Amino acid sequence: MAATFFGEVVKAPCRAGTEDEEEEEEGRRETPEDREVRLQLARKREVRLLRRQTKTSLEVSLLEKYPCSKFIIAIGNNAVAFLSSFVMNSGVWEEVGCAKLWNEWCRTTDTTHLSSTEAFCVFYHLKSNPSVFLCQCSCYVAEDQQYQWLEKVFGSCPRKNMQITILTCRHVTDYKTSESTGSLPSPFLRALKTQNFKDSACCPLLEQPNIVHDLPAAGVLSYCQVWKIPAILYLCYTDVMKLDLITVEAFKPILSTRSLKGLVKNIPQSTEILKKLMTTNEIQSNIYT
Amino acid sequence: MDVCTFEKVGIRGTNIVVLGVEKKSVAKLQDERTVRKICALDDHVCMAFAGLTADARVVINRARVECQSHKLTVEDPVTVEYITRFIATLKQKYTQSNGRRPFGISALIVGFDDDGISRLYQTDPSGTYHAWKANAIGRSAKTVREFLEKNYTEDAIASDSEAIKLAIKALLEVVQSGGKNIELAIIRRNQPLKMFSAKEVELYVTEIEKEKEEAEKKKSKKSV
């Protein structure tokens, strides 16, 4: 109890937590309805990995089911466009499965009947060399779903004799530097690799105090570091987060690295495909001139 | 920082000013005429902008009203510098007011003053403006500006057609799919704004390609 300046007596909150503790605990106890809602939400946010042909869930993780020597993951629309135009165009890739998930960032509200066009995370392998995998992830994987995604894809005991390459984008305003931001040559590439990755990167390494966020980092790269898998993340800092030709072309130096060598054949044709992709996208927006 | 993908180029010639813009591909059902990037502010001044179309509309309307108000008040048309300063001041006000955001556009303003001298100015969202002999705005502005730095010579701008060709060549450096994606406007001294039709642009593009071929033939002859 405390007296205020005006003479009235008010109950002061006590941080020691004394006589009111029991009342509060009762309020905190979960009712059956709360539990039901919580379970429903967990079911809704579950990450499901589905086989291509049958659309049934995979019993084991993707990389436990299929042997993998090389895994290239593109996260974000610019990285996905880059792999679609340059890598997927240069060989025959077969879809092996897809990861379906829902979170508040998704545009659809129906979680049970997601159509195949909405499969946001699609996995492919190269027909001529089925141990080479590719993942196109154009959706946002929320923090609580990242571990599930990793488990369903990599499993709890991943093989160490594979190499992972991750491509993603970030806005240049996230880049911390002592230089003036106006002078930054955006878009530009930076790399971050695990200890076991011995090859050199085709661009400078990410300087401190910059950090990488979300699935590419908190997820895949950390996972690879813990399990001693050689992995490298190529991060493109750009000033245009929507699908943009110049941002996609900023990934081009990666084509000469060992990660993508042998997978890219027809570069001029790839550039044409990329341009077509851009034009179909451009027409939809009238905001900018 | 230019978010817009489409290039705009402005060149100040001796007797002509040229504005070239990269045309955006429009949807099939959209009326192309309503997607204009080069706007006349008055008979002797015009402007091309890069950025948010809606913001540009507001700025252009204010500038047009100011041009007429000036003409009625002091009985003289605005100088290019005056209207540029007006636009830049307007933009700056919005960077220093609460509850407002800056105009998301960069503009190239060209025209002729009463003294017969051509002018080219560039403004940006902060409200600064500078005079240029030739400049580009847009996503690949750096590339285009480097091209202009190499090729902007007194000879290049001496004749009207050479200045027009320089503008087109600069745009072709970065514009995909060539001449049919280029829109051009010129102002000649004491003449109103002239917008080029697609055919006229094509004619210039063909001429440029011919000159390129001839230059290459000469080069190969020399090396042989």
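Reader: What makes Arg100(B) count as lying over the face of Tyr94(B)?

Author: In this predicted model, Arg100(B) lies over that face at 4.6 Å from the ring centre. A charge sits over a ring if NZ of Lys or CZ of Arg is within 6 Å of the ring centre and within 35 degrees of the ring normal. Lys44(A) lies over the face of Trp102(A) too, at 4.1 Å from the ring centre.

Reader: Why is the pair of Tyr175(A) and Phe188(A) called edge-to-face?

Author: Rings of Phe, Tyr and Trp (its six-membered ring) pair if their centres lie within 6.5 Å; planes under 30 degrees apart are stacked, over 60 edge-to-face, the rest tilted. Here the centres are 4.9 Å apart and the planes at 70°, so the pair is edge-to-face.

Reader: How do you know that Cys46(B) is buried?

Author: Buried means under 20% relative accessible area, exposed over 50%, partly exposed in between (1.4 Å probe, protein chains only). Cys46(B) has 1% relative accessibility, so it counts as buried. Cys202(A), at 29%, counts as partly exposed.

Reader: How are the residues numbered, and which values count?

Author: Residues are numbered from 1 along each chain as its sequence is written, while chains are lettered from A and ligands numbered from 1 in the order in which they are written. Local features need pLDDT of at least 70, side-chain atom pairs count only at pLDDT 80 or more, totals for chains, interfaces and linings use all residues, and side-chain values use heavy atoms, leaving out hydrogens and water.
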